[in-house]
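Visitor: I would like to learn how to read helix packing and a nonpolar core from coordinates. Could you walk me through an example?

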Amino acid sequence: MAIPKEERIEQIQEYLVEKFHLPREQISEMLPNFIGALVSHMDKLDVAFRSGDLIALGRAGHTMKGALLNLGINDCVDIAFELEQKGKAMDTTTDYSALLGELRERLGGLIR
């Protein structure tokens with residue numbers, strides 16, 4: 001289930017304040033870059049999926065997982081990890097479309 005964009009942004013801000021002791025002003029300045037990175041990572045996942053390159057999909061999943069962990073978006077990490085593991089294993093039985101759809105849905109308005 002998608003968390004509304006405003007709620008997700010608040011979640012990220014709280015995490016960064018707690019974990020890294022960053023001032024809210026600095027977080028506000030950095031947030032567009034963080035969100036831009038998530039959009040870019042999602043695009044790379046989509047491109048790898050459409051091209052059928054499972055190894056690239058696994059690498060992109062790994063990168064997305066790290067970005068999600070750095071922002072405290074823990075409810076999406078499991079999907080990115082599965083994409084990473086299944087892609088790197090070249091598992092052709094996995095429904096990557098469903099995993100990507102679920103990730104997109106959970107991130108909701110944050111990446112649209």
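Guide: Helix 3 and helix 5 pack at an angle of about 20°, and their axes lie 13 Å apart. Here, axes are lines fitted to C-alpha atoms, for helices over the stretch in contact, and angles run from 0 to 180 degrees between N-to-C directions. Helices are DSSP runs of H or I with at least four residues, numbered from the N terminus. This is a predicted model: local features need pLDDT of at least 70, side-chain atom pairs count only at pLDDT 80 or more, and totals for chains, interfaces and linings use all residues. Residues are numbered from 1 along each chain as its sequence is written, and side-chain values use heavy atoms, leaving out hydrogens and water.

Visitor: Are helix 3 and helix 5 roughly parallel or roughly antiparallel to each other?

Guide: Angles under 35 degrees count as roughly parallel, over 145 as roughly antiparallel. Helix 3 and helix 5 are therefore roughly parallel. The contact (heavy atoms within 4.5 Å) is made by L54, L57, M64 and L68 of helix 3 with Y96, L103 and L107 of helix 5.

Visitor: Which residues touch the most other members of the largest nonpolar core?

Guide: A nonpolar core is a set of buried Ala, Val, Leu, Ile, Met, Phe, Trp, Tyr and Cys residues joined through side-chain atoms within 4.5 Å; buried means under 20% relative accessible area with a 1.4 Å probe, protein chains only. The largest one has 31 residues, and L38, L45, M64, L68, I73, L83 and L103 touch the most other members. Beyond four places in sequence, the contacts of L68 include L38, I73 and L103.

Visitor: Is T94 buried or exposed?

Guide: T94 counts as buried, because its relative accessibility is 16%.

Methods. Buried < 20%, exposed > 50% of the residue type's maximum accessible area, 1.4 Å probe, protein only. Helix = DSSP H or I, 4+ residues; strand = E, 2+ residues; numbered from the N terminus. Parallel < 35°, antiparallel > 145°, perpendicular 65-115°, else oblique.
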